[in-house]
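Dear colleague,

I am passing on the structure we spoke about, and below it you will find my notes on a few places in it. Please read them with the coordinates open.

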Amino acid sequence: MAALTPAQIEALVQANAAALGLRIAAEHKPGVIAFVTLAAGMAERVMGQELGIEDESGAVFVPVSPRGTAP
Amino acid sequence: MNALAIAQQVRAGTMTAAAAVEQSLARITTTEPKVNAFTAVLAERALKRAGQIDKHTRRAELSLAGVPFAVKNLFDIAGLPTLAGSKIERDAAPASRDALLVRRMEAAGAILVGALNMDEYAYGFTTENTHYGPTRNPHDPARISGGSSGGSAAAVAAGQVPLTLGSDTNGSIRVPSSLCGVFGLKPTYGRLPRLGSYPFVASLDHLGPFARSVADLAFAYDAMQGPAPDDPACAQRPPEPTRDLLERRADGLRIAVLGGWFREMAMPEALAAVDAVAQALGTTRLVELHDVDRARAAAFLITNAESSTLHLADLKQRAQDFEPLSRDRFLAGALLPAAWVVQAQRVRHAFARQLARAFETVDVLLAPATPCVAPVIGTEWLEINGQRLPSRPSMGLLTQPISCIGLPVVTVPLWGCNPAAPHLPIGVQVIAAPWREDLALRVAAELEAQGLATAPVAALN
């Protein structure tokens with residue numbers, strides 16, 4: 001994943017906030033952009049890791065049994 | 001007085017539980033203006049419970065008889081709203097019952113005396129809480145206590161209570177343990193049930209104890225173990241008691257120091273602490289891991305996205321009521337592309353398998369808990385490894401890769417590692433393979449027995 005430009009970060013913030021119905025107040029926008037930029041840097045490292053099909057998600061669902069039944 | 005000394009005297013009838021609680025309440029009264037660890041003190045409840053313990057027909061069987069303890073205010077306490085460090089949750093309905101771990105501690109005879117300060121919704125490493133004020137480091141009140149369980153570590157360091165409970169998602173037990181100079185245990189992910197605690201990041205949240213001795217830590221941990229079928233994240237394992245294993249110390253254990261990232265992102269005092277521990281344990285072995293920064297990045301992304309989604313309704317309706325130090329970070333986390341977070345979960349699993357391979361030839365790994373001793377409250381930037389980094393998130397640089405894969409860790413406090421601030425402690429992470437809390441506790445007991453790791457009560461003169 002290539003590094004996102006400031007313009008791409010701003011576009012991402014605007015588009016995703018609109019999709020969620022999340023209003024970003026003007027006074028919070030610089031901080032939000034700074035943190036999304038930080039996250040994008042983290043994402044570069046994560047997306048750059050080569051993974052195989054054996055690399056399952058760390059978030060594994062646990063089925064929920066009805067009360068009083070054997071697990 | 002440590003927890004086990006209190007329990008021993010209460011069981012023997014040479015001290016009443018009421019006296020133990022009164023001593024704790026008195027210490028809280030005299031030290032709280034300097035520390036600000038508590039957000040609620042439950043004197044009436046605690047004294048009532050102490051009376052019950054003093055009349056308990058099986059008092060002699062209670063491992064924590066009469067021991068005062070307190071909990072981070074993200075644990076449910078019957079009759080109080082569960083604040084989780086926030087202003088927003090003041091409006092929540094009071095909890096109808098205590099959190100499961102509070103009930104387990106009280107079943108062992110311990111007595112809850114209060115709720116403790118924290119970073120809002122556990123999103124921080126400093127407990128510079130704007131709503132409730134900063135919790136100050138008992139060993140130097142101008143400095144942070146660490147966080148997010150800052151109140152939990154500070155209350156123990158200040159001698160207000162001998163035991164506390166906190167939570168650790170990215171380092172929130174280990175960072176304040178390190179900075180306040182107390183012992184802390186972050187068990188394996190899924191070991192202790194989280195029922196009745198306010199979540200931060202369900203994928204990463206752990207609960208655990210703080211204490212001034214390794215034995216106290218082990219007794220509290222043992223009292224809280226056991227499955228909880230209603231908690232999907234809790235492993236359905238029977239209790240595996242540790243307290244009788246401590247005397248085995250480090251005998252026969254294969255111990256190594258983590259290199260690479262864990263030395264590069266540490267300041268001289270943190271390296272001095274790890275090297276002192278390695279020398280005391282007689283090891284020169286180094287284990288180098290790869291992709292540690294990716295594991296840390298994965299923890300960052302999962303934390304940011306999951307926690308923001310949890311609070312999305314409030315972020316939409318009342319963003320102005322969030323902690324100013326974390327509000328923009330919460331808003332940002334809601335906006336991250338899904339692929340980043342899904343990939344982060346897969347990276348996490350790959351890193352866990354790498355560590356599993358390392359643990360085939362070693363039993364315990366050592367690493368600093370924090371890059372440095374406690375910074376002054378309000379510090380914005382730190383110089384680490386030639387980089388100017390934001391101070392607050394950087395306190396978790398060395399803990400995040402470990403909690404990201406759920407390994408059990410005991411943090412042990414050392415002193416005098418920074419010649420410019422010899423009065424300040426710094427912690428070392430004693431890390432074991434999943435479900436081997438006993439090994440980490442044994443090594444901690446060894447270091448305590450040698451006198452290298454200690455947790456004295458702060459003078460607070």
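B:Thr242 touches B:Ala218, B:Tyr221, B:Asp222, B:Asp438 and B:Leu441, leaving aside residues up to four places away in sequence, where contact means heavy atoms within 4.5 Å. This threonine, B:Thr242, lies in the loop between α7 and β11 (255-258) of chain B, and at 2% relative accessibility B:Thr242 counts as buried (under 20% relative accessible area, with exposed over 50% and partly exposed in between, for a 1.4 Å probe and protein chains only). The side chains of B:Thr242 and B:Asp222 are joined by a polar contact of 2.9 Å, that is, a pair of N or O atoms within 3.5 Å, of which, within protein, one must be able to donate a hydrogen and the other to accept it, residues adjacent in sequence counting only if both atoms are side-chain atoms.

The model is predicted, so local features need pLDDT of at least 70 and side-chain atom pairs count only at pLDDT 80 or more, while totals for chains, interfaces and linings use all residues. Residues are numbered from 1 along each chain as its sequence is written, chains are lettered from A and ligands numbered from 1 in the order in which they are written, and side-chain values use heavy atoms, with hydrogens and water left out.

The axes of helix α7 (residues 214-224) and helix α16 (residues 437-449), both of chain B, come within 9 Å and cross at roughly 160 degrees, which makes α7(B) roughly antiparallel to α16(B) (angles over 145 degrees count as such). From α7(B), the contact is made by B:Val214, B:Ala215, B:Leu217, B:Ala218 and B:Tyr221, and from α16(B) by B:Glu437, B:Leu441, B:Ala444, B:Ala445 and B:Glu448.

Elsewhere in chain B, B:Glu323 is found in the loop between α11 (312-318) and α12 and is buried, with a relative accessible area of 3%. Residues up to four places away in sequence aside, B:Glu323 touches B:Glu120, B:Glu128, B:Asn129, B:Thr130 and B:His131, and a polar contact of 2.5 Å joins its side chain to that of B:Thr130. The C-alpha atoms of B:Glu323 and B:Lys87, which are 236 residues apart along the chain, are separated by 8.1 Å.

In chain A, the buried residues of α2(A) are A:Gly31, A:Val32, A:Val36, A:Ala39, A:Ala40, A:Met42, A:Ala43 and A:Val46. What covers them includes α1 (6-20) of chain A together with α10 (292-310), α12 (327-333) and α13 (338-358) of chain B.

Technical notes
Helices (H or I, at least four residues) and strands (E, at least two) are DSSP runs, numbered from the N terminus. Axes are lines fitted to C-alpha atoms, for helices over the stretch in contact, and angles run from 0 to 180 degrees between N-to-C directions. Angles under 35 degrees count as roughly parallel, over 145 as roughly antiparallel, 65 to 115 as roughly perpendicular and the rest as oblique.
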